[in-house]
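Please walk me through this structure. I would like to know how some of its side chains are arranged, in simple terms.

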Amino acid sequence: MNYYQQYGDDFKPIDVEQEISSNVQVQMRLGFIRKVYGILTAQLLLTTIFSGLACLSQSVKTFLLTHVGLFYIMLIVAIILPFVIVCCPGIMRQVPQNYFILFAFTFAESYLVAMICCVTNPSIVFMAAFMTFCLCVSLTIYAITTKTDITTKGGLLFILCCAFIMFSLFGLFTSNKFFHILLCCLGIILFGFYLLYD
């Protein structure tokens with residue numbers, strides 16, 4: 001169906017069906033982005049809360065350190081559930097099973113990160129979790145409001161990822177706290193761009 005819109009003295013045809021289709025696609029894309037980033041933000045919020053409790057509460061820290069069996073259960077859950085997610089796409093398309101599986105995975109990962117806070121320098125782990133959460137919230141707002149397409153920047157992201165991996169390997173052999181904090185910040189920025197790219 002074509003309508004005509006006046007441009008100066010000329011009339012140009014408007015394809016109404018195409019315009020409606022493009023608007024529907026934009027709305028579907030925004031809905032998908034909101035859902036994905038909303039889920040990711042909730043996952044990171046749970047991880048940040050667990051990390052914060054492990055850093056701030058002595059009773060939570062004592063519980064985590066004395067219940068080592070629970071740690072191994074969470075480790076097994078965190079290893080097995082990604083295989084379920086990838087290998088059983090039918091289950092992951094069924095509501096509410098997909099949300100239960102995703103929550104179980106997030107809970108297990110959050111528990112493991114909290115345990116890492118107990119046995120390493122907790123301030124660095126908590127800082128990384130909190131910065132990642134804040135970045136995800138910012139990216140959610142950006143992805144919902146932007147009209148910019150960065151999906152053509154894959155080659156640049158690959159090069160930056162290779163450089164990040166090399167710096168990370170170098171970081172294994174150093175004990176410089178500033179270098180580790182800088183590496184953490186660069187990793188969060190790089191993987192924030194990957195979130196936008198994907």
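In which helix is I76 found? I76 is part of helix α3, residues 68–87; helices here are DSSP runs of H or I with at least four residues, numbered from the N terminus. This is a predicted model, in which local features need pLDDT of at least 70, side-chain atom pairs count only at pLDDT 80 or more, and totals for chains, interfaces and linings use all residues. Residues are numbered from 1 along each chain as its sequence is written, and side-chain values use heavy atoms, with hydrogens and water left out.

I76 counts as partly exposed because its relative accessibility is 48%, and that class lies between buried (under 20% relative accessible area) and exposed (over 50%), with a 1.4 Å probe and protein chains only.

Now to the aromatic rings. Rings of Phe, Tyr and Trp (its six-membered ring) pair if their centres lie within 6.5 Å; planes under 30 degrees apart count as stacked, over 60 as edge-to-face and the rest as tilted. By this rule there are three aromatic pairs. In one of them, the ring centres of F50 and F107 are 5.2 Å apart and the planes stand at 85°, so this pair is edge-to-face. F50 belongs to helix α1 (residues 16–56) and F107 to helix α5 (residues 97–119), so the pair ties together parts 57 residues apart in sequence. F50 is buried, at 18% relative accessibility, while F107 is partly exposed, at 29%.

F107 also pairs with F103: their ring centres are 6.1 Å apart and their planes are at 40°, so this pair is tilted. Both residues lie in helix α5, four residues apart, or about one turn of the helix. F103 is partly exposed, at 49% relative accessibility.

Methods: Helices (H or I, at least four residues) and strands (E, at least two) are DSSP runs, numbered from the N terminus.
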